[in-house]
Amino acid sequence: MSSPARLPFEHIVSIDRDSSTAVYLQIARQLTNAIKQGHLVPGSRLPGSRALSLELKVHRKTVVAAYGELEAQGWIEVSPNRGAYINNIPEQNDPSSSHFGQAPIAFASQTGYTFRRSILLDKPQEPNPGWLAFSDGMPDVRLTPTEILTRTYSGIMKRKNNRKYLAYSAVEGNVFYREMLAEYLNNTRGLHITKDNILTTRGTQMAIFLTSALLLTPGDLVIVARLGFYESNMIFQHFGAWLMQVPVDQDGISVDAISRLCKVNRIRMVYVTPSHHYPTGVTLSEQRRRELLELSEKYGFIVLEDDYEHDFHYEGGLPLPIASADQSGMTIHIGSFCKVLAPGLRMGYLVAPPNLIDELGRLRQIVDRQGDATMEQTVAELLAEGEIQRQLKKNQRVYQERRDAFCSLLQSKLNGHVKFASPYGGLSVWTEWDRTLNLMRISKQCMKRGLHLPQTLLYQNESITAVKLGFADLDSNEMEEAVTLLARVVNESAL
């Protein structure tokens, strides 16, 4: 029996008490490195937990936890009467046959193999914490009814039947949630659906991704708006589709232009954001909705209707979704509660005929087995009790007041540089700028002053200079400060 390893453990193990890594894990990892490097040889006995704790100046329970971690990974064997011994793992300890003998041990900084890198996909730049930031129309998470959500969620978890929400459930989504969601969409959007028409998703982008994965093949033609949602365009192109752009005016996407393209091309899909077109915010007229549906039936293309902002319309009636009049099964209607509740909750949905829902469910289960069944149950119960509907009315009042205040600030501080119309709905204002201004330069100058104006909000080419400015997530003080900073940078750039 080997005697305890008499090594200077205070030099082998260096504890960083400011590290976010638990002390016992620091000890375990550094002892692992010592074993890999051959400093602790197989068969040698480690000091007792009490002795090592005194040497390292830590609590004995910390050493016990570290030994437990080493034992769980197979590096040592612990016997109550004999102590802790280094296991014999020759393939790990032979420096000549592997990299384990090298020091220091660090994870690779890049892959040792090649992979295909996309030239289409991009990651949005995030602002530094604490910065003021313009968004493309994000809701204010401070309005999220956290107390109601917490109380309902907690109540569900305390029930005796809570295990069914913790286990695997229907891949299409929580059954009660889909029932309540179908009722809600029937009442607010004029749809005529049941739970069998619904697949829950983690936001609208997941719905677009799944739809594209199932329905698009390389070379398919997808019609999108000229100036459209950049992330949906990335998804379509990711699956090999070719994009064909058509113009947008004050009545929404041009159906006449779509008709002309259909006469000479085989169109697979048309993507529209009818309630408030992304990015300009205009509403697709009722007449064009009817004409687009008629074209889809005539030419056999899919209408992917992204109704991401249907719930936020402040003045006048909003036309019903295209899907509400579809009797031929040509539309796929997608939406979410991400802007009604909070973006981080990822509560999206997709509405389509049952045969497509079934196939999308098969695809979804190999991507993301199911949604959060407990959160879906929570939202279902809030829908049943009318809490979501009441919260939406509160949010609409707040956002309408912020829209008015924001437009007033733009008018007073940026008059002469910016033209815009107060939007009838949505959470942003489409602003057209003096074409002599360089928007990228303005964005960089704003960044230097602590105001994040993301490049994804900027639209500048030979024919347009515009910015999509979200207002909903800014309170009155933040709004004043953000517009004042923006105006200061613009005025300096115009000199």
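Is Cys262 buried or exposed, and what is its relative accessible area? I looked this residue up in the structure, which is a predicted model. I found that Cys262 is buried, with a relative accessible area of 5%.

I next looked up Cys338, which is buried with a relative accessible area of 7%. I also searched for disulfides and recorded zero in the structure. For reference, I noted that a disulfide is a covalent bond between the sulfur atoms of two cysteines.

**Entry on helix H12.** I then turned to helix H12, which covers residues 286-299 and has 14 residues. From its first C-alpha to its last, H12 reaches 20 Å, close to the 20 Å expected at 1.5 Å a residue. I listed the buried residues of H12 as Arg288, Arg289, Leu292, Leu293, Leu295 and Ser296. Seen down the axis of H12, these buried residues fall within an arc of 160°, so they line one face of the helix. I recalled the general rule that an α-helix has 3.6 residues a turn, so residues three or four places apart point the same way. On the face of H12 turned away from the buried side, I found the exposed residues Glu294 and Lys298.

I also checked what the buried residues of H12 pack against; the partners include helix H11 (255-264), strand E9 (267-272) and strand E10 (302-306). Just after H12, I noted that Gly300 takes a positive phi of about 80°.

**Entry on Ser443.** Lastly, I located Ser443 in helix H16, residues 439-448. Ser443 is buried, with a relative accessible area of 5%. Leaving aside neighbours within four places in sequence, I found Ser443 in contact with Leu453 and Leu458.

Key
Residues are numbered from 1 along each chain as its sequence is written. This is a predicted model: local features need pLDDT of at least 70, side-chain atom pairs count only at pLDDT 80 or more; totals for chains, interfaces and linings use all residues. Side-chain values use heavy atoms; hydrogens and water are left out. Helices (H or I, at least four residues) and strands (E, at least two) are DSSP runs, numbered from the N terminus. The expected span of a helix is 1.5 Å times one less than its number of residues. Buried means under 20% relative accessible area, exposed over 50%, partly exposed in between (1.4 Å probe, protein chains only). The arc is that of the directions from the helix axis to the C-beta atoms. Contact means heavy atoms within 4.5 Å. A disulfide is a pair of cysteine sulfur atoms within 2.5 Å.
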